[in-house]
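Please read the numbered points beside the model.

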Amino acid sequence: MEPLLRACNLWKARGSRWVVNEVSFSLERSSIVHLQGANGAGKTTLLRMIAGEMPPSKGHVEIDGVNLGLLPNEGRQRMSLVPENLLPSAWLSVSEYLQFRADIRSLDSAHIDELIEEWEFTEFAQRPMATLSNGERRRVIIAAAMMAKPAILILDEPTVGMDARQRELLAQRLERYKEDRLVLVASHIERQGLPEFTQTLTIVEGRLEGAEDK
């Protein structure tokens with residue numbers, strides 16, 4: 001079976017320095033994969049190339065065997081990247097923000113109330129996004145990204161600012177979400193507060209050091 005996501009010899013230059021070099025891997029459906037590495041190791045740059053937000057200097061990314069660069073916008077929407085730092089629509093309430101995200105993807109908004117209850121947003125659903133804690137806001141943003149059910153969900157440092165309960169809830173939701181999909185989680189914190197991983201990739205100074213199957 002064709003891997004859902006394949007990185008093919010990815011390189012990225014910043015000035016005269018290679019920040020990502022010679023990275024290749026294949027990832028399957030129904031997986032939660034951990035991309036671990038120290039701050040500055042190249043995780044975010046690699047994620048942005050995988051998501052199509054930054055062109056590689058060399059190499060390419062494939063989804064179901066098709067070069068990402070050749071896919072139309074509709075094809076690229078099979079993938080969603082939630083970056084580490086994001087403060088969207090600061091003065092929209094949580095419910096308004098979720099409605100906005102549903103509208104731009106032409107999604108049925110009828111289940112938003114259920115989503116608010118499922119993710120335990122009820123007590124702050126009418127508060128502006130800017131007034132939430134970092135952990136609360138990240139949960140809302142991740143839940144919004146999952147609404148469209150992208151085949152590939154990419155999360156950069158998703159547990160930053162989350163307390164133990166928030167991390168547990170996120171792990172439960174990701175475990176359910178992965179069925180027939182791929183979740184790629186980048187974090188410099190080894191497994192702390194994160195779900196069980198199918199596979200771990202380690203990046204050091206822009207180079208993939210190896211893969212560990214569970």
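**Notes on the predicted model**

1. The largest pocket holds about 440 Å³ of space. A pocket here is an open set of points on a 1 Å grid over the protein atoms alone, where a 1.4 Å probe fits, with protein on both sides within 12 Å along at least five of seven lines; its volume is the space filled by probe spheres set on the points. Of the 26 residues that line the largest pocket, Glu53, Ser80, Leu81, Arg101 and Arg105 are the closest to its centre, lining residues being those with an atom within 4 Å of a point. This is a predicted model, in which local features need pLDDT of at least 70, side-chain atom pairs count only at pLDDT 80 or more, and totals for chains, interfaces and linings use all residues. Residues are numbered from 1 along each chain as its sequence is written, and side-chain values use heavy atoms, with hydrogens and water left out.

2. α3 gives the largest share of the lining of the largest pocket, five residues. Helices (H or I, at least four residues) and strands (E, at least two) are DSSP runs, numbered from the N terminus. By class, the lining has 17 nonpolar, five polar and four charged residues; Ala, Val, Leu, Ile, Met, Phe, Trp, Tyr, Cys and Pro count as nonpolar, Asp, Glu, Lys and Arg as charged, and the others, Gly among them, as polar.

3. In α5, 13 of the 14 residues are buried (under 20% relative accessible area; exposed is over 50% and partly exposed in between, with a 1.4 Å probe and protein chains only).

4. Ser30, in the loop between β2 (17-27) and β3 (31-36), has a positive phi near 55° although it is not glycine. Ser30 is partly exposed, at 36% relative accessible area.

5. The structure holds 13 salt bridges, each a side-chain nitrogen of Lys or Arg within 4 Å of a carboxyl oxygen of Asp or Glu. One of them joins the side chains of Glu62 and Arg6 (3.1 Å, N to O). Because Glu62 lies in strand β4 and Arg6 in strand β1 (residues 5-14), this pair ties together parts that are 56 residues apart in sequence. Glu62 is buried, at 14% relative accessibility, whereas Arg6 is partly exposed, at 24%.

6. Another salt bridge joins Glu175 and Lys178 (3.0 Å, N to O). Through shared partners, salt bridges also link Arg29, Asp64, Arg78 and Asp180 into one network.
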